[in-house]
Amino acid sequence: MDQTVTSNDIAPITPAQHVKAGIKFTVLMIWLFVLLIPFLILEGLKIRASAEIVRLWHIGARKITGIRVEQSGSPCGTLPLLLLGNHTSYLDIPVINSLFTVNFIAKSEVRSWPGIGFLARCCQTIFVERRAIKSHEQIKILREKILPDRRLVLFAEGTSTDGSVVLPFKSSLMEFVFDEKIAEVCHVQPITVLCLKDESQDDEASPEPERVLYPWFDDTSLAFHFWRFMATKGCTVKVHFSPSRPVSEFANRKELTQWAHAGVQKGYDIILKKD
């Protein structure tokens, strides 16, 4: 499916919308600085309560930006847990992190991205060299992060999309959970995150993915994309949790990858009322 977004797909931002975006951005920055000091203090003292502050910030950020979340399915209550999901936008992060405390696994380049890199570090994101995720050093880092009772989130497509499809998952990214110490205690769970067009959500219609304002997958600059989103009234994002399983039930990473992809696709079909 062609994912190209043309200028015809995006209405120009009006002066009133610029004002709306400016107010939202100002409130968001105030919210950031209000929580930054206690976060830095707790982080400096190595107190895990800092993760709750990160979650609190994301709850506020989600409300300020106008993102409404509707959840279906049941999050796994057994920890440690690896959540495997699709990915359409950096906005997926406040959506998921507002639901519970998590750590995200991201490619190392994100660390140097302006703005996003700083927030990712504050969110205690785990940066990995994806070509070397099987290395002993990186498995050790991931083991220390997930054990004994953490949740990690991995966007298993390895990239972002416009939300119209679930791309094949990269099995190499799952290798670390087959580390002996992780596999014997860890569960995995597919999670589907999908933003819907507001006008397609009534009971009579089949919901449709929102493919312009929420997804960030092309060469649109991050700053422009975020400002354009802030200029809107927000959106509704559906989050579906498929059933979880212990890692020990899988023979290898390819079997796990196929199962996780099917679970995310199932959630996609449930959200779009195809199932």
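About 110 Å³ of space lies in the largest cavity of this structure, where a cavity is a set of points, on a 1 Å grid over the protein atoms alone, at which a 1.4 Å probe fits but cannot get out. You are looking at a predicted model, in which local features need pLDDT of at least 70, side-chain atom pairs count only at pLDDT 80 or more, and totals for chains, interfaces and linings use all residues. Residues are numbered from 1 along each chain as its sequence is written, and side-chain values use heavy atoms, with hydrogens and water left out.

**The chain as a whole**

- The chain has eight helices and eight strands; these are DSSP runs numbered from the N terminus, with helices being H or I over at least four residues and strands being E over at least two.
- A compact globule of 275 residues would have a radius of gyration near 19 Å, and the chain agrees, with 19 Å. That radius is taken over C-alpha atoms, and the globule rule is 2.2 Å times the number of residues to the power 0.38.
- The C-alpha trace spans about 55 × 45 × 30 Å along its principal axes.

**The largest cavity**

- The structure holds two cavities of 30 Å³ or more; a volume is the space filled by probe spheres set on the grid points, which are joined across faces, edges and corners.
- Residues lining the largest cavity include Leu 32, Phe 39, Trp 57 and Cys 122; a lining residue has an atom within 4 Å of a point.
- Helices α1 (15-44), α2 (50-65) and α4 (116-122) each supply at least two lining residues, and α1 gives the most, with four.
- The lining has ten nonpolar, no polar and no charged residues. Here Ala, Val, Leu, Ile, Met, Phe, Trp, Tyr, Cys and Pro count as nonpolar, Asp, Glu, Lys and Arg as charged, and the others, Gly among them, as polar.

**Strand β7 and its partners**

- Six of the seven residues of β7 (residues 235-241) are buried, so this strand is largely enclosed by the rest of the structure.
- Strand β1 (residues 67-73) pairs with β7 in the parallel sense over seven bridges, and two strands pair if DSSP finds at least two bridges between them. Glu 70 stands opposite Lys 238 in β7.
- Strand β6 (residues 187-196) runs antiparallel to β7, joined to it by six bridges. In this pairing, Val 193 stands opposite Val 239 in β7.

**Cysteines**

- A disulfide is a covalent bond between the sulfur atoms of two cysteines. The rule used here asks for a pair of cysteine sulfur atoms within 2.5 Å, and the count comes to zero.
- The sulfur of Cys 76 has its closest cysteine sulfur in Cys 186, at 8.9 Å, which is too far for a bond.
- Cys 76 counts as buried, at 8% relative accessibility, and Cys 186 is buried as well, with a relative accessible area of 1%.

**Cis peptide bonds**

- Leu 79 and Pro 80 are joined by a cis peptide bond with omega of about 5°, and Pro 80 is found in the loop between β1 and β2 (81-85).
- The peptide bond from Leu 147 to Pro 148 is cis too, with omega near 5°; Pro 148 is found in the loop between α5 (136-146) and β5 (151-155).

Terms used
Buried means under 20% relative accessible area, exposed over 50%, partly exposed in between (1.4 Å probe, protein chains only). On a 1 Å grid over the protein atoms alone, a cavity is a set of points where a 1.4 Å probe fits but cannot get out, and a pocket is an open set with protein on both sides within 12 Å along at least five of seven lines; lining residues have an atom within 4 Å of a point.
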